[in-house]
Amino acid sequence: MKQLYCLFLFTAFAAPLQAQDATLLNMLTDSLTANATPALITGTFKATHIVNMQTIEAPARGALSFVIQHRFGQLNSGAYNLFGMDNATLRLGLDYGITDRLAVGIGRSSYLKTFDGYVKYKLLQQTDAKGHMPVSVSLLGTMSNYTQKIPEKDFLNFKYRTAYTGEILVARKITSCLSIQLTPTYLHYNLVPTNSDKNDLFVLGSGARMKITRRSSVNVEYNYLPANQVVSTTVHNSFSLGYDLETGGHVFQLIFTNSQSMIQSQYLAQTTGRWGNGDIYFGFNISRDFNLSKHAKGMSAQ
C-alpha cells in the first residue's frame with residue numbers, strides 16, 4: 001500500500017514538471033529566435049586590392065599594412081628585354097587603420113615618380129540572412145601627384161600635376177567562394193592635354209574573386225571608360241587577371257594586366273596597352289600586416 005502511495009505521488013508531481021519543462025523549452029526557443037542578431041559577413045576579399053582596384057577591405061584599427069606592387073615591362077617587348085623582365089615599375093605603400101571603419105594610406109610609384117594618398121571609410125557592412133544588409137559599402141577618396149621632370153613643360157606646377165578620384169565601393173559575398181564588387185568612380189584632372197579632353201570623367205569598375213582552395217583564389221577586374229572623355233590620346237579600358245595566395249600574414253598576388261600604372265588616376269583613363277596586341281604587364285602585389293596595438297587583428301571584419 002505504501003508503495004502504491006509513493007507511485008501515486010511521483011506520478012502526480014512528474015506530470016506538472018514535464019509540462020513545465022516543455023513550457024520553459026518553448027520560452028527559451030522563442031527568446032533565442034527573438035534575440036538572434038545578424039552576423040557580419042567577413043572575408044569578402046583577402047587583400048586591399050583585387051588587382052589594381054581597391055576592395056572594400058581595409059586594415060583594422062591599429063594595424064599597419066606594407067604593400068609592394070611590382071609590374072614588369074610588356075610581354076611583347078621581345079627577347080632582348082627578356083619579355084619585359086628588364087623593365088619594371090614599383091609602388092611602395094603603407095596603409096593604416098585609424099579605426100575599424102576609417103583607414104588611410106600613402107604610396108610612391110616609380111611610374112612618373114608619382115606620390116599618392118587615400119582615405120577609406122566603411123559605410124555599410126553585409127550581414128547574413130538574419131539581417132537586412134545585402135552588401136558592404138565603402139567610400140574612397142584618393143589624390144595623386146606626379147613629380148617627374150619634363151624640361152619642355154616647365155610650367156607644370158604642383159596644381160597642374162595633381163588629380164583626384166572619388167569612388168563608391170559596393171561589394172557582396174555571394175557564397176563562401178564567390179565575391180563581386182562594383183566601383184563607380186569620379187575622376188578629376190586639374191590639367192588635361194587639350195580643350196577636347198574632359199577634366200571630369202566617369203569610370204565604372206567591376207571585379208570578382210573566386211576562391212579555388214582554402215588559401216588561393218583567382219581574381220578578375222575590368223574598368224569601363226565611356227567614350228569621348230579622353231580624346232587627344234588613344235586609351236583603352238583596363239582589364240586585369242590575378243591569382244591570390246594567402247600564406248599567414250602575407251597575401252601574394254600574381255598579376256597580368258594591360259595597365260602599367262597602379263594608381264587610380266593613371267590606370268583608369270591613361271591605359272594605352274591592348275591585350276590583343278600583347279601589351280600585357282606581368283607583375284605581383286605583396287602585402288604584409290603588422291599589428292601596432294593589441295586591438296589590431298590584421299584585416300578588419302567585412
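A salt bridge here is a side-chain nitrogen of Lys or Arg within 4 Å of a carboxyl oxygen of Asp or Glu. By that rule, the structure holds 1 salt bridge. Before the details, some ground rules: this is a predicted model, where local features need pLDDT of at least 70, side-chain atom pairs count only at pLDDT 80 or more, and totals for chains, interfaces and linings use all residues. Residues are numbered from 1 along each chain as its sequence is written, and side-chain values use heavy atoms, with hydrogens and water left out.

**Overall layout**

The secondary structure comes to 2 helices and 12 strands. Helices (H or I, at least four residues) and strands (E, at least two) are DSSP runs, numbered from the N terminus. Going along the sequence, the pattern reads α-β-β-β-β-β-β-β-β-β-β-β-α-β. Of the 302 residues in the protein, 39% are buried. Buried means under 20% relative accessible area, exposed means over 50%, and partly exposed is in between (1.4 Å probe, protein chains only).

Opposite charges on side chains can pair up when the charged atoms come close. In this model the pair is Arg-91 and Asp-116, with the closest N and O atoms 2.8 Å apart. The two partners link distant parts of the chain, with Arg-91 in strand E2 and Asp-116 in strand E4, 25 residues apart. Arg-91 counts as buried at 6% relative accessibility, and Asp-116 is buried too, at 12%.

Both residues turn up again inside the protein. First, the terms: on a 1 Å grid over the protein atoms alone, a cavity is a set of points where a 1.4 Å probe fits but cannot get out, while a pocket is an open set with protein on both sides within 12 Å along at least five of seven lines; lining residues have an atom within 4 Å of a point. Grid points are joined across faces, edges and corners, and a volume is the space filled by probe spheres set on the points.

There are 4 cavities of 30 Å³ or more. The largest has 18 lining residues, and Gln-54, Arg-91, Asp-116, Met-262 and Gln-264 lie nearest its centre. At least two lining residues each come from strand E2 (88-97), strand E4 (114-124), strand E5 (136-146), strand E6 (162-173) and helix H2 (264-267).

**Cavities and pocket side by side**

For the linings, Ala, Val, Leu, Ile, Met, Phe, Trp, Tyr, Cys and Pro count as nonpolar, Asp, Glu, Lys and Arg as charged, and the others, Gly among them, as polar.

| Space | Volume | Lining residues by type |
|---|---|---|
| Largest cavity | about 140 Å³ | 5 nonpolar, 10 polar, 3 charged |
| Second largest cavity | about 50 Å³ | 4 nonpolar, 5 polar, no charged |
| Largest pocket | about 760 Å³ | 16 nonpolar, 12 polar, 4 charged |

The second largest cavity is lined by Ala-47, Thr-48, His-49, Val-67, Val-251, Gln-253, Asn-285, Ile-286 and Ser-287. Strand E11 (250-257) and strand E12 (281-291) are the elements that give it two or more residues, and E12 gives the most, with 3.

As for the largest pocket, with its volume of about 760 Å³, 32 residues line it, and Tyr-146, Leu-191, Val-192, Pro-193 and Gln-270 are the closest to its centre. The elements giving two or more residues to this lining are E5, E6 and H2, with the largest share, 3 residues, coming from E5.

**Out on the surface**

What forms the nonpolar patch on the surface? Phe-66, Leu-90, Leu-92, Leu-94, Tyr-96, Ile-98, Ile-106, Phe-290 and Leu-292 do, with about 760 Å² of accessible area together. Patches are made of residues with over 30% relative accessible area and no salt bridge: like charges are joined within 9 Å, nonpolar side chains (Val, Leu, Ile, Met, Phe, Trp, Tyr) within 5 Å. The areas come from the Shrake-Rupley method with a 1.4 Å probe, and for residues, only the protein chains shown count as cover.

E2 gives the most to the patch, with 4 residues. Phe-66 sits in strand E1 (residues 63-74) and is partly exposed, with a relative accessible area of 32%.

Leu-82 counts as partly exposed at 48% relative accessibility, and Phe-83 is partly exposed at 45%.
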